[in-house]
Amino acid sequence: MNFIYCSLIGYFIGTISPSYIIAKIKGMDIKKKGSGNAGASNVLILFGKMLGVICAVLDIAKAYLSILLAEHLFPDFIHAFAVTGCACIIGHIFPFYMKFKGGKGLACLGGVILKFDAKIFFIILGVEMLIALITDYICFVPITASVAFSIMYGVITNNSLGSTILWISTVAILLKHVENIHRIKKGTEAHLSYLWKPAAELERLKESTGAAPTVFNDHFNLDDDE
């Protein structure tokens, strides 16, 4: 029963979507604007860096707090961390009230790692920042971080079942980023440098696609003729 209880705690807290709430306050459906992704990255695209950061922090916090709650309620359940953390990420990616189309799990993964060990969180954060800057693609961050943490958790804790459970969320994150990999191959995936060179990146994407990319149209009021 502890598996079920921790799964429910993680999943339903995970479905709480700051990005969805922020967009509703702003009078729009985040699934129909920008990238269509209910996550902090789309909030950043649509509403700016400040709200994007706030959204990311809230997503990190909900993962952290869901595990904290589960471990408090079930102190003798050795798999509370892995089950609740995995379920929270799954809830964020597949929220029932958004037809199972939520975010991509990066910030929630960060909250899970932070709850496990703050030092490991900052080490992974530093490595992933380098990966993002070198590749100029943010999508490589959740892919590599989720794989790395699932392996590290198993090695550090020697908890093979817990590691296997975390691999479920890793697979979910990987599947959510398949489309990003396809866009990279086509040259239509936005570079990370969009954040500080938006005009140059928009021009590059227009050259790649022959039109202003749809993902940015709503935010920049661009159309195919511009």
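## Cavity

On a 1 Å grid over the protein atoms alone, a cavity is a set of points where a 1.4 Å probe fits but cannot get out. Grid points are joined across faces, edges and corners, and a volume is the space filled by probe spheres set on the points. In this predicted model, local features need pLDDT of at least 70 and side-chain atom pairs count only at pLDDT 80 or more, while totals for chains, interfaces and linings use all residues. Residues are numbered from 1 along each chain as its sequence is written, and side-chain values use heavy atoms, with hydrogens and water left out.

A search of the whole structure gives 1 cavity of 30 Å³ or more. The volume of the largest cavity is about 40 Å³. Its lining (residues with an atom within 4 Å of a point) consists of Ile-89, Leu-109, Val-112, Ser-146, Phe-149, Ser-150, Leu-166, Ser-169 and Thr-170. H6, H8 and H9 are the elements that give two or more residues to this lining. By class, the lining holds 5 nonpolar, 4 polar and no charged residues. Here Ala, Val, Leu, Ile, Met, Phe, Trp, Tyr, Cys and Pro count as nonpolar, Asp, Glu, Lys and Arg as charged, and the others, Gly among them, as polar.

## Fold and burial

The chain has 12 helices and 0 strands. Both are DSSP runs numbered from the N terminus (helices: H or I, at least four residues; strands: E, at least two).

Of the 226 residues in the chain, 46% are buried. Buried means under 20% relative accessible area, exposed over 50%, and partly exposed in between (1.4 Å probe, protein chains only).

## Salt bridges

Side chains of opposite charge can pair when their charged atoms come close. A salt bridge is counted when a side-chain nitrogen of Lys or Arg is within 4 Å of a carboxyl oxygen of Asp or Glu. The count comes to 4 salt bridges. One of them joins Asp-59 and Lys-62, with the closest N and O atoms 3.3 Å apart. Both residues lie in helix H4 (residues 49-73), 3 residues apart, about one turn of the helix. Asp-59 and Lys-62 are both buried.

Another salt bridge pairs Lys-104 with Glu-179 (3.7 Å, N to O). Lys-104 lies in the loop between H5 and H6 and Glu-179 in helix H10 (residues 178-186), so this pair ties together parts that are 75 residues apart in sequence. Lys-104 is buried at 16% relative accessibility, whereas Glu-179 is partly exposed at 41%. Glu-179 also meets Arg-183 in a salt bridge (3.4 Å, N to O). Through shared partners, Lys-104, Glu-179 and Arg-183 are joined into one network.

## Nonpolar surface patch

A nonpolar surface patch of about 1,000 Å² is made by Met-1, Phe-3, Ile-4, Tyr-5, Leu-8, Phe-12, Phe-96, Tyr-97, Phe-100 and Leu-161. Patches are made of residues with over 30% relative accessible area and no salt bridge; like charges are joined within 9 Å, and nonpolar side chains (Val, Leu, Ile, Met, Phe, Trp, Tyr) within 5 Å. Accessible areas come from the Shrake-Rupley method with a 1.4 Å probe, and for residues only the protein chains shown count as cover.

Helix H1 (residues 2-14) gives the most to the patch, with 5 residues. Ile-4 is in helix H1 and is partly exposed at 46% relative accessibility.

## Positive phi in loops

Lys-99 is not a glycine, yet has a positive phi of about 55°. Lys-99 sits in the loop between helix H5 (80-93) and helix H6 (106-116) and is exposed, at 68% relative accessibility.

Asn-158 has a positive phi near 60°. Its place is in the loop between helix H8 (140-157) and helix H9 (160-176), and Asn-158 is exposed, with a relative accessible area of 69%.

Methods: 1 Å grid on protein atoms, 1.4 Å probe; cavity = no way out; pocket = protein on both sides within 12 Å on 5 of 7 lines; lining within 4 Å.
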